[in-house]
Structure formats: C-alpha cells, structure tokens
Amino acid sequence: MKIKLIFVFLIFLAACSGSTPKDVLPRDKMQKVLWDVTLAGEYANGYIFSKYYDLNRAAVNNELLEKVFKSNGITKKQFEKSLDYYRDHPQKLMTVLDSLYAQQKRIDDARNEKAEKNKEIEEVNASILPPPVNPPPVQ
C-alpha cells in the first residue's frame, strides 16, 4: 500500500511540476519570439502597409513571420505548438506577457526620459542663444 501511495504521489508531483515539455519553446525563447513577432507586425502596419497599401497583407505577414521564425531558429509548427501550450497554461503565459510588458515599459521610459532631456536642453538653449534671424525673402 505504501508503495502505491508513493507511486501516486510521484506521478502527481511530476504532473504538477513547472517544467515545460521538450517540444515547447522555453519561457525566455517564447518571450523573444513573441517580441519579434510584435515588432514584425508593427513594421508591417506602420511602414509597409502605409507605403504600399495595395499589397496582399496575408502574404506579407506570412513572409515576415517566416523570417522571424528563421531568425530564431524555429519552425512555424514549433511556434504554434508552443503558443497552444502557453494558452493552455495561463500562469505561464502571463509570465511571458508580463515580461514583454516590462520590456516595452523600459523602452518607453527610456524614450520619455530622453525626450525630457532634449526638451530641457532646448529650453536652456532658448534662454542662452539669441533668437534666430529670418533671412530676407528671395525675390
């Protein structure tokens, strides 16, 4: 009886362990891939489709995704399987998404800090430098 109880406990422990299956991308890798997928989508929507509005969006998105997968050394099938796994494990998915949010926040904070410094420099320059002289109109 004790052996059965220990065996059941070990099975339960293995089932509840936080390890990710071997065919699923680990958390850090999944975070990087999702970050790259997000950047590719921003690039497509912010640049490609605004400049070349008649392109086939699905084809462009598929091509960009394939480039993301290739640059990360994975396949579409691995990504989809990993995405399904993380969807089925909301706590693990939340960890990945929280990391992505924190990464974006750091970038935004740095950008805002730089903008504030530039504004301060402009204000100092405006108080030190004489006002700009307008050139005479061309006749």
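Which residues does Ser82 touch, not counting residues up to four places away in sequence? Asp23, Val24, Leu25 and Met30 are the ones, as the close-up of Ser82 below shows again. This is a predicted model, where local features need pLDDT of at least 70, side-chain atom pairs count only at pLDDT 80 or more, and totals for chains, interfaces and linings use all residues. Residues are numbered from 1 along each chain as its sequence is written, and side-chain values use heavy atoms, with hydrogens and water left out.

**Figure 1. The chain is built from 5 helices and 0 strands.** Read from the N terminus, the elements go α-α-α-α-α. Helices (H or I, at least four residues) and strands (E, at least two) are DSSP runs, numbered from the N terminus. Of the 139 residues, 19% count as buried; here buried means under 20% relative accessible area, exposed means over 50%, and partly exposed is in between (1.4 Å probe, protein chains only). Among the contacts with a separation of 6 or more, 71% link residues 24 or more positions apart. A contact means heavy atoms within 4.5 Å. The chain exposes about 11,500 Å², and carbon and sulfur atoms supply 61% of that (Shrake-Rupley method with a 1.4 Å probe; for residues, only the protein chains shown count as cover).

Figure 2. The chain as a whole has a mean pLDDT of 85, with 87% of its residues at 70 or more. That score is the predictor's confidence in each residue, from 0 to 100. Where pLDDT is low, the predicted coordinates should not be read in detail.

**Figure 3. Helix 2 (residues 27-51) packs against helix 4 (residues 76-88).** Their axes sit 11 Å apart, at an angle of about 110 degrees, which means helix 2 is roughly perpendicular to helix 4. Axes are lines fitted to C-alpha atoms, for helices over the stretch in contact, and angles run from 0 to 180 degrees between N-to-C directions. Angles under 35 degrees count as roughly parallel, over 145 as roughly antiparallel, 65 to 115 as roughly perpendicular and the rest as oblique. This crossing is left-handed, meaning that the near helix is turned anticlockwise from the far one by less than a right angle (clockwise would be right-handed). Arg27, Met30, Val33, Leu34 and Val37 of helix 2 meet Phe79, Ser82, Leu83 and Tyr86 of helix 4.

**Figure 4. Helix 2 also packs against helix 5 (residues 90-128).** This time the angle is about 55 degrees and the axes are 9 Å apart, so helix 2 is oblique to helix 5. The crossing is right-handed. On the helix 2 side, the contact uses Arg27, Gln31, Leu34 and Trp35. Helix 5 brings Thr95, Val96, Ser99, Leu100, Gln103, Gln104 and Ile107.

**Figure 5. Helix 4 and helix 5 cross at roughly 110 degrees.** Their axes come within 5 Å, and the angle makes helix 4 roughly perpendicular to helix 5. Tyr85, Tyr86, Arg87 and Asp88 of helix 4 touch the other helix, whose partners are Pro90, Lys92, Leu93 and Val96.

**Figure 6. Zoom in on Ser82, a residue of helix 4.** Ser82 is buried, with a relative accessible area of 0%. Asp23, Val24, Leu25 and Met30 touch Ser82, leaving aside residues up to four places away in sequence.

Figure 7. Gln78 lies in helix 4 and is partly exposed, at 32% relative accessible area. The C-alpha atoms of Gln78 and Val24 are 6.8 Å apart, although 54 residues separate the two along the chain. Thr75 is in the loop between helix 3 (57-71) and helix 4, and is partly exposed at 43% relative accessibility. From Thr75 to Leu65, 10 residues apart along the chain, the C-alpha separation is 9.9 Å.
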